Amino acid sequence: MSNILTNRFMSATLARFDAKRQEALATIELYLTRPVGVGEHPDIVGEIAGAVARLAEADEAIGAINRYFVGPEAAEEPSND
C-alpha cells in the first residue's frame, strides 16, 4: 500500500475515534449541565458511565494509533524480546 493511502487510512481512523471522543464528551457535558433535557433516561449515572467508557475507549485507541503508527516509535522496527 502506498504511503499516501496508508496516511489517509490512518487519518480517517483517527478522525473516527476523535468523533467518538467528542460525542462522549458532549453527552457527559449534557448530562452534567442540562439533566432536565434528558428526562427520558432514568439511569443518568448509568448513561454517564457508558459515555465515560466510550470516551476512555476512544482515548485509548487514539493513543495506540499515535504510539504505534504516528509517533517516533512507529518508525522503529519492533524488537523480538
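With a relative accessibility of 12%, Ile28 counts as buried (buried means under 20% relative accessible area, exposed over 50% and partly exposed in between, with a 1.4 Å probe and protein chains only). A word on where this comes from: the model is predicted, so local features need pLDDT of at least 70 and side-chain atom pairs count only at pLDDT 80 or more, while totals for chains, interfaces and linings use all residues. Residues are numbered from 1 along each chain as its sequence is written, and side-chain values use heavy atoms, with hydrogens and water left out.

Ile28 sits in helix α1 (helices are DSSP runs of H or I with at least four residues, strands are runs of E with at least two, and both are numbered from the N terminus). Setting aside neighbours within four places in sequence, Ile28 is in contact with Ile48, Ala51, Val52 and Leu55, where contact means heavy atoms within 4.5 Å.

Now step back to the helices themselves. Helix α1 covers residues 3-33 and helix α2 residues 44-70; they pack at an angle of about 155°, with their axes 9 Å apart. Axes here are lines fitted to C-alpha atoms, for helices over the stretch in contact, and angles run from 0 to 180 degrees between N-to-C directions. α1 and α2 are therefore roughly antiparallel to each other (over 145 degrees; under 35 is roughly parallel, 65 to 115 roughly perpendicular and the rest oblique).

Finally, look at the protein overall: its secondary structure comes to two helices and zero strands. Of its 81 residues, 19% are buried. Among contacts with a separation of 6 or more, 61% join residues 24 or more positions apart.
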